[in-house]
Amino acid sequence: MKKWFAAVLLVALVLTGCGPKQPEAHEAQLFAMDTLMSLRIWGDEALVTQTEDTLRSLEALLSATAEDSDIARLNRDGTAELQPQTADLLQQALDCAARTGGAFDPTVYPLVCLWGFPSGKYHIPTEAELTGALAHTGVQHLQLDGAAAALDAGCSVDLGGIAKGYAAEQCAHQLEETGAQAAMLSLGGNVQTVGSKPDGTAWQVGIADPKDPSSAIAVVRFTGSKALVTSGDYQRYFEQDGVRYHHILDPQTGRPVQNGLRSVTILADSGTLADGLSTALFVMGLERATEFWRASSDFEAVFITEDGTICATEGAAALLTDCTFTELTR
Ligand code: AMP
Ligand code: MG
């Protein structure tokens, strides 16, 4: 009788795949923060709704274009009492600006608007217009004291270069706290993984080919929770008379950055840091960005230049597959 029971149990285990059942992955897509987002979450289905809600509520706080967001109120009124998350991100944006010598600048909004990016009514500014907007750009025009923010007249804030990374990081923390087994969140050029894939394989994230952004020029393979954020000149731009004007502006000149780089991908534990630095290192250019990396210990980077060369810092090089590249050493 006992033997018979054991045999039945064994068959049952074989039929159910021998061992703990792999959790199901739930997927969703949404449009938020001006970008298409896709979510893949292993665990309870309610975690998808929870993540969507978090993304939408952060958009409602942080977007410069959403009516009545904290940032829109600050830009309109010149002062605002910020919600804790907005104040937290604005402080991190200021820290990023200080750390990168102003290559990342959360006060570039007058310039971003002058070029017509938020409205889609693109315009190539005159020298006089650029000089006017540059006079209203710079972190010296922004004061943040706890939750109280204030701007000089004519100045405005844009967290578009860092908000998606922050949102991904916030969702990742929430997913960890609420028992998700694993997740991959892809928010535009921002990828955030949570935990390791339940089937035991590595995460594989493609880096877009700037010449053909729908295909990957390289693949990054890694396990565990990580943020991988790309800034590129192909992500948002307009063309006039055969010239491409893209959305990452040099705060010194007020013009789209042109330094031979086409994209910068940052790998880091923090999504906020990765997003801020992807924009900043794009502004710096390969040489200054490599020096910046040599003096840092909290991120790795992959650069793609105009001629299609891929340069990877040591730690990133160890994870890169499916491409040939130049390794940058310390
Ligand atoms: P990203 O795709 O993360 O590099 O962010 C680009 C967005 O950040 C642009 O669409 C602008 O809204 C904003 N931005 C442009 N130039 C800068 C800059 N130098 N520093 C901070 N934000 C910027
Ligand atoms: Mg960024």
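Begin by selecting ligand 1, which sits in the largest pocket of this predicted model. With ligand 1 still displayed, bring up the residues around it, of which there are 17, and pick out Asp105, Asp158, Ser231, Leu249 and Thr279, the ones that come nearest.

Next, look at the polar contacts of ligand 1 one at a time. Select Ser231, where a polar side-chain atom lies 2.6 Å from an oxygen atom of ligand 1, and then move to His247, which also places a polar side-chain atom by an oxygen atom of the ligand, here at 3.0 Å.

Now colour helix 8, which gives the most to the shell around ligand 1, with three residues.

From there, select the magnesium ion, ligand 2, and display its protein donors, which are Gly161 through its O atom, Asp275 through both O and OD, and Thr279 through OG1, at 2.1 to 2.4 Å from the ion. Along the chain, these donors follow the spacing G-x113-D-x3-T. To see how distant parts of the chain are linked here, select Gly161 in the loop between strand 5 (148–151) and helix 7 (163–177), and then Thr279 in helix 8 (residues 271–284), 118 residues apart.

As a last stop, keep Gly161 and Thr279 selected and view them against the rest of the protein: both residues are buried.

Note on methods
Residues numbered from 1 in each chain as written. Chains lettered and ligands numbered in written order. Predicted model: local features only at pLDDT ≥ 70, side-chain atom pairs only at ≥ 80, totals over all residues. Heavy atoms only, no water. Donors = N, O, S within 2.8 Å, 3.2 Å for Na, K, Ca; no water. Helix = DSSP H or I, 4+ residues; strand = E, 2+ residues; numbered from the N terminus. Buried < 20%, exposed > 50% of the residue type's maximum accessible area, 1.4 Å probe, protein only. Near = heavy atom within 4 Å. Polar contact = N/O pair within 3.5 Å; in protein donor to acceptor, adjacent residues only side chain to side chain. 1 Å grid on protein atoms, 1.4 Å probe; cavity = no way out; pocket = protein on both sides within 12 Å on 5 of 7 lines; lining within 4 Å. Sits in = over half its atoms within 2 Å of the grid points.
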